[in-house]
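Work through the exercises below with the structure open beside you. Try each task before you read its solution.

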Amino acid sequence: MRVLVVTTLVVAAAAENFYRLPSPYTYSCKESRCVKEERSHAREQRSLEQCQLTCGKYGSLWPQPTGDVQLSPETVHFTPRNMKVTKIAASGQKVSEMLEEATRYFTRNLHFLHPEFPEEEKKPFTEQEHPVDNYLFNNQYDKFDQQQNFDEQRPNFVKRKSAKGYMKYSPFLKERNNPITDRQNFNIEITVTSPDEKFTINTDESYNLVVQTVDDQTTATILATTYYGARHALESLSQLIAYDDTNESLQIVKTAKIQDEPKFKYRGFMLDTGRNFYPKEDLMRLMDAMSYNKMNYFHWHITDAASFPLYSNRRPEMAYYGSYSPRKVYYPEDITEIVQYAKLRGISVIPELDGPAHTSAGWQWGEKEGKGNLVLCTGKQDEPWFNLGKEPPSGQLNPVNPEVYNVLGELYSDMLQYFDPEMVHMGGDDVSFKCWQNSVEISEHLAANGRESTSREYFELWNTYQNKAFSQLQEAAGQLVGRKVTPIIHSSSFARNYVDKNSYIIQVNEDVNSTEIAEYIKQDFKVIFSNQDQWRLDCSTSTWFGDKAKNCAREIPTWQHFYENSPLDMLYNLGLTNARTDAGQQASGVNPRDLVLGGEATLWSSETDGNGLQAKTWPRVSAMAERLWTDPILPVQGHDTAQKRLNTHRQRMVFRGIHADPIQPEYCMHDESACYSQEQYLARSTIPAQ
Amino acid sequence: MTTPQHHARAPHRMRLRVSSMVFGGAVSMATLVLLYQGLSLPPDTRPPGEQLIVSLESRLQRLESDLQAKQLTITEIKNLVRQLAGSNSRANSLLGSQYGVLTASKFVRLPSPWGYRCESGRCIKEVNDGIAGLVTLNQCKLTCGPFGVLWPQPQTAKLGTDVVEFLPTNVFLTPLITEEVLPLLREAFDIFKGNLEKHHPHYSSGSAPWSSHWSPSSAVHGVEVKVQVQGVETFLTLHTNESYELHIHTDGDKTTATIIAPNFFGARHALETLTQLVEYHENRGTLMIVRTASVYDAPAFKYRGLLLDTSRNFFSVAAIERTLDTMAANKLNTFHWHITDTHSFPLYLESLPNMAFYGAYTPSQIYHPHEVRHLVQYARVRGIRIVPELDAPAHVGNGWQWGETHGLGKLAVCVNKEPWLSYCFQPPCGQLNLANPNMYTVMAKIYKELAQVFSPVDLFHFGGDEVNLNCWNTTEEITSWMTANNNSLDVDAYYDQWGVFQEKAYQLLTTVNKAVQVTGILWSSGLTGKERVERYLSNSKYIIQIWTKGSDPVIAELLRKNYRVIFSNYDSWYLACGAADWMSKGNNWCSPYQGWHVMYDNSPHDIARNLTGSPHSDLVLGGEAALWSEQIDEASMDAKLWPRGAALAERLWTNPRTNWQPAETRFIHHRQRLVKRGVQADRIQPEWCYQNDGACRRQQPLLPVLENCLP
C-alpha cells in the first residue's frame, strides 16, 4: 500500500513540476569514492555535491595539496549574499588592492556555480564585468552583526537594481529568502606578510587555510607570505564550496585545514598565437583556467613564420606586413591588460620572439627600406617549402645581415616595455640548415670568409646569431627595465653544445626518457620539461599540410599521460638516481632535483584556434598541473582519487565557463566506483583495499 | 558596379570618408575612414587605402560632418588626426609612423597591404599596389574556381566572376508556392536572412551593425528571391526529391535569384546555396553577391545523417539546435538521436515519469515532450528529419529500475551489475528482461509516446547492438523462463529469443503508430550476421546501419541479400575516436583520430564495389557520422563535429569522383563560414594557408637533403 501511495505522489507531482522533485538517490562515501544508492526513507539524503566535497582525504581539491589536509564530512549552507571579506591585512597598499581584486574574482566564480547562470555571460573578469561598488566591500565593516531588520538592510536589496556586470545575471541575487541559508554568515580573513607584489621564480607560493564554523558563523582564515600564496588559498577555498540543489544555495565544508605549497617552481603553459590568432578574451580565459589549476607561467609564443601579430611601436612594419588582418594584432594596451590580468591570477607572462627559424611574416620589408634581406628562404625563389624548412611557410632570419640585430633590438625593447618580463623565450627550435645551404647570400658570405658550407659552419652561424641576439636582449633590458632578463631556449644539440648554462634555461622537448635529457642535467643546466610525446597538446588531429599521414606517430597523450609524466622519475630512470633524494649530489655540488624548475605543456596552433583551444587544453593540462604542484609518487598508495577529483574539477571549470572536455560519461561521477578497466579490476581484486 | 578599382588621384590629395559604427547596438563611435596609409610610401606601392580606419572617442563625433567627403592634403590630415587623437597615447605613438593611425580601445584597423587575384582556381596573395586590380580575399574566394565557395559542391554550377554590393535590409521574398508550404518557406527565408546578417564581423545575438556610408548604388540595390515550388510535401521521407535549380541575374540596381524546386525541401537547400554566393565586403561594409549564377543540384544519397548520443552525457536543447543549424548549412538531412542508453534516460514520458525520475542524471538534464516537439519542427524547417532511437534490448539500464517497487517485476536485468566486465561491453550494465511480459507493456507505452512526439515517424531506430548473452544466461529469472518454455540455454536459443523480441517490438511500434508500418533501422550485430539475418529480419522492414570497418565482409552479405544499408563504418565515420580511453590509460578503442581527409574519402559506393563488384546504388541509402558521447559533452561537441561533419556532407551530397584535394580551399572557407554562424568548428590549418591557397601542400622533396642537417 505504501508503495502505491508513493507512486501516486511521484506521478502527481511530476505532472505539476517534475524537476523540483528531489532526486531518488543519495550518495555515500565508500573507500574514498561517492556511490549512488536509491534512497531509503529512513536515511538522510546526501547530495552528490556534498559527497564530492568531503569524500576522500582531499575531497574535490585539485591540485592535491602537499601538506596537511583535514576536511570534515559535513557541509554548511550559505548564500553568496552573506559572504564578506572581513579582514585584509597586508603590509603594502598594492598587495591590499590585489587581494581585494582577487576576492572579487573569487566571489564572481561562486556565482557561476549556480546552474542557471547564463552560459554566454561567463566572460573574462574585466572592468566591465566587475562593478567597483561591489557589495562585498561596501559592507566590509558592516551592519550585519548588530542588525535587526535583516532583510531590508541586506545590501543587495538595494544594489540589485543597479547591479552591473555578472551580478545582473546571478540567480543567487534574484532568489527569494531562504531561512536555512540566510542565517549563515561566511567571512573571509586574509593576512599576507610580505609587501612584495612582483612574482618571480623564487616567490613563496605557500599558504595556510582554515575554515571554521561556530553556529551560524563560518570563517575562512588565510595566511600566506605573499599575495601569490593567498591567491592560491582562495582557489583552494573555492574548491571547498559547491552548489547545493536542495536549498538553491552554496555549501562549504564545515571545518577544514589545508597547508600547501608547490613541489615545482615553474608550472607552465605555452600557446602559439603565430599560426592562428587568438583574441584577447581567449587569452584571458586561458589565464582564468590556468589559475584554477594554480599554474604560474604563461609562455606566449607570439609570432611565427606564418604571422606576426605583435604590434611594435618601434617597428610597426612588422604587424603591418605580418598580421593576418588588421583585426588580428596584439597592441601594447592589449598586452598590458593581459599581463596585468595574468599577474592577479598568479601568472607570469614570458613573451617569446622565436628565432632564427620560424620567421617570415612581418620581415618582408627589409629590401624595400634599404636594409637588405632580413629573412631568407621565404620560398620566393621558386623553392618549395619542404626544401627549406619544416613546414610552410619557410623562412629563417639572415644571420649575416647586421640590420637583423638592430631590428631585433627594437623588438626586444618594445617587448620589455610592454611585458616587463622576468624571462624571455628566445625560441631556437627547428633551425634548418637546408635553408642556409640553399641561400646564395649565406654561401657567398661563407666563401668570402674562407669557410665551407658544412654543418659545423652552420652551427657557428647559429651561434653568431644567438650571441648577438642575446646581447641585444640584455642591452635593451638594461636600458628599459634596469636589470637582466633570463632567456629560455629550446633544447637542441646547439643548446647543449653552445649556450651558457649560467645564462640560459633550457626547455627540454625530447621524448620521455630520452638520454639527451640527462645530458643537460649532468652539465648543470636549469631545465623546464616539455616532453613532446607527453606534454604536447596538439597531437590529436590529422596533419594540416595536405596529406593523410598522422601528425604524431604514437597515440595521443591522454590526461593520464599528462599526469604520470614525472620529471624526477625520468631522471631516476636515466640513471640520475639521486633525483628523488637529498643524497649523492653531482660533481658540481648541485642536486639534479634543484635543476628541474618544473614543466610546461605546449600547444602549437597549426590546427587550433579559439574554438578548439579549451577542449584540447583542459582537463589534460589540469592533470599536468597536479604533477607539477603535488608531484604524486606513483603508484599511489591507498585510494587513488585522481580520476574522481579530476572529474569534479573538470565540471567546476565548466561551471566557470571553461569548455573543458569531459573524460567520462556523467554516470561515472554518480558512481565513482563503477567505471574501471579490466586491469584496474584485476588489480583491485588482488590487492586488498586499505 | 563591378570590382572596386583603383581610383586615380593626385599623389598628394587624399579622399576622406567618415562613417560611424555602432557597437553592440549601444555605443556609437565616430569612425574616421581616411586615405592616410601610404602617405610616405612611393606612389607605386600605395595600397588603394580604402580602409584605414581611425576609430575615435564619441567626443569627436561632432567633427564628422565637417570632414565628410572633403579633399584634404596630407598635412591637413595629419593635423586633423593629431587634433582628433588628443591625448590618446596609442594614436599619438602611431602618428609618427607611416603604417597607420588608430585609436580608441575597441575597434582597431590597420589597412591591409595585401590584395588577391584569381589564377587557375586559386586566390593569389600579392602586395596591393593599387594598380593590378586586386580584390579582397572574400571577393576572390567567392568567384574563383568553378564552384566558388559552395559547400557541398553542387552537381553543376556556372558562376559569374563579378559581384554586386547590397545590404541585407534590401532582400525580399516572392513566393510562388502552394498554401501548405508557405509557413515553412517563410520560416526558412527568415533563417536565410539571419544567415546573411551573420556575415558581418560584428554580428552579435541576432543582428549586425549595418551602418556605414555606402555608395548610393549599394545602398539601394535590391535582391529579390523568387521561389517556385509545385509540391505540397511538408515532411521529409526517403522518397523526397531534394533537387533544385537556382538562377541569379542582375539588371541595373536589382538582382533576382530564382529558385525552382519540386518541393519545399529542395527550395530550402537552394536558399542555403544562395547564402553561400554571398560574402561580406570588408572594405565597403556591405554584402556582395555573385552577379550571375546558374546552379542545378541534387543529392547523391537520400540519407545523410549525424548521430548524437545524449545518454552517456547530456546535451541541452540549445546545443541540439545549434547542431541542427549546422547540419542545415551542410545539407545533411537526418539527425539520428540516440536518446537513451544504460547510463541515463533523459527523456520525460507523460505516461511513465519514473523513467526519467530514476534515469536522468539530474532533474534538470531531461528532455520534456514540448522540447522534443519543438526540435522536430525546428529540424523540419531546416530540411532535416529526426530519427529517434530507443536502443534495445541491450543498452538499457538506468531509468528501468522502478519495476519491482511498482509491482511490475524486473523490467531490466543486470542493471548496474558488477563486475561489469562479465555482463556488458561497458559499464554500467543492463538488458531488458525477456521473461517479463510487463516489459512489453512498458515498451508499448514508450513507443506510443515516441510516435506522438516525433510524429510523423518516417524512420525509427530500434538499436539492437551489443547484446550480451551472458547477462541473460546468468539471470535466474531468464534461464528458468527459457527452460519453462522448452528452450535450451545455448547461443542459438538466445538469438531466437532476441529475434522474437525484435519482432514484438516492431509490432508494438506498428500498433501504436495507428497500424502504419514504419521502416526500422538496426545496428549491425550478431542478429544481422550472415547466418541469422534472414531468419530474423525482413529486408522490406529493416535498414541495417553498418558500424564495423569498411572492409567487413558482412557488408557484401547484406547487399547480396538485398538489405538496404547505411554506412557508419567506424574506421572513417566515428567522430569520437582518437581520444583518451575513458576507463584506462591509452587511447580509445577506435583510435586513431580520423581527419577530414579520411571522412571525405570514405565512399559507400567504393566500399560496396570493392566487396561485391557493384556500387549497389539502390541499396546504399547513404551514411552517417556518429558522435558517441562517452568523452564529449556540449562543452566541446562543436569542435568534434565540425568541420569534419562537413566533409561527410560533401561525400554524401556530391559523391565526387575526386578525393579531398580539390575540395581543400573550399573546405577551409566553409569552416570559416560555420564559425561566423556561431559554431565552434575546429581549425584545420594555420590561417596562413587560408590566405595562401595551395601553399600548404607536401610533395616529394625535389632536392637531395643534407644528411643530419636538422640538429
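**Exercises on a predicted model**

Chain B has 23 helices and 25 strands. The model is predicted.

**Exercise 1. Chain B as a whole**

Solution. 
- Step 1. Now take contacts in chain B between residues at least 6 apart in sequence. Of these, 71% join residues at least 24 apart.

**Exercise 2. Two helices in chain A**

Task: describe how helix H12 of chain A is placed against helix H15 of chain A.

Solution. 
- Step 1. Locate the helices. H12(A) covers residues 402–419, and H15(A) covers residues 455–480.
- Step 2. Look at the axes. They come within 9 Å and cross at roughly 40°.
- Step 3. Name the arrangement. Angles under 35 degrees count as roughly parallel, and 65 to 115 as roughly perpendicular. The crossing is at roughly 40°, so H12(A) and H15(A) are oblique to each other.
- Step 4. H12(A) passes H15(A) in a right-handed crossing.
- Step 5. List some residues that meet. On the H12(A) side they include Tyr405(A), Leu408(A), Tyr412(A) and Leu416(A). On the H15(A) side they include Tyr465(A), Lys468(A), Leu473(A) and Leu480(A).
- Step 6. Sort the contact by class. It has 10 nonpolar, 6 polar and 1 charged residues.

**Exercise 3. Cis peptide bonds**

Task: are the bonds from Pro392(A) to Pro393(A) and between Pro427(B) and Pro428(B) cis or trans?

Solution. 
- Step 1. Most peptide bonds are trans.
- Step 2. Check chain A. The bond from Pro392(A) to Pro393(A) has omega near -10° and is cis. Pro393(A) sits in the loop between strands E15 (375–376) and E16 (396–397) of chain A.
- Step 3. Check chain B. Omega is about -5° between Pro427(B) and Pro428(B), and this bond is cis. Pro428(B) sits in the loop between strands E19 (412–413) and E20 (431–432) of chain B.

**Exercise 4. Positive phi**

Task: what are the phi values of Glu31(A) and His395(B), and where does each residue lie?

Solution. 
- Step 1. Most residues other than glycine have a negative phi.
- Step 2. Take Glu31(A). Its phi is positive, about 50°. Glu31(A) lies in the loop between strands E1 (25–30) and E2 (33–38) of chain A.
- Step 3. Take His395(B). Its phi is positive too, near 55°. His395(B) lies in the loop between strands E18 (385–392) and E19 of chain B.
- Step 4. Judge burial. Buried means under 20% relative accessible area. His395(B) has 8%, so His395(B) is buried.

Conventions. Residues are numbered from 1 along each chain as its sequence is written. Chains are lettered from A and ligands numbered from 1 in the order in which they are written. This is a predicted model: local features need pLDDT of at least 70, side-chain atom pairs count only at pLDDT 80 or more; totals for chains, interfaces and linings use all residues. Side-chain values use heavy atoms; hydrogens and water are left out. Axes are lines fitted to C-alpha atoms, for helices over the stretch in contact, and angles run from 0 to 180 degrees between N-to-C directions. Helices (H or I, at least four residues) and strands (E, at least two) are DSSP runs, numbered from the N terminus. Angles under 35 degrees count as roughly parallel, over 145 as roughly antiparallel, 65 to 115 as roughly perpendicular and the rest as oblique. A crossing is left-handed if the near helix is turned anticlockwise from the far one by less than a right angle, and right-handed if clockwise. Contact means heavy atoms within 4.5 Å. Ala, Val, Leu, Ile, Met, Phe, Trp, Tyr, Cys and Pro count as nonpolar, Asp, Glu, Lys and Arg as charged, and the others, Gly among them, as polar. Buried means under 20% relative accessible area, exposed over 50%, partly exposed in between (1.4 Å probe, protein chains only).
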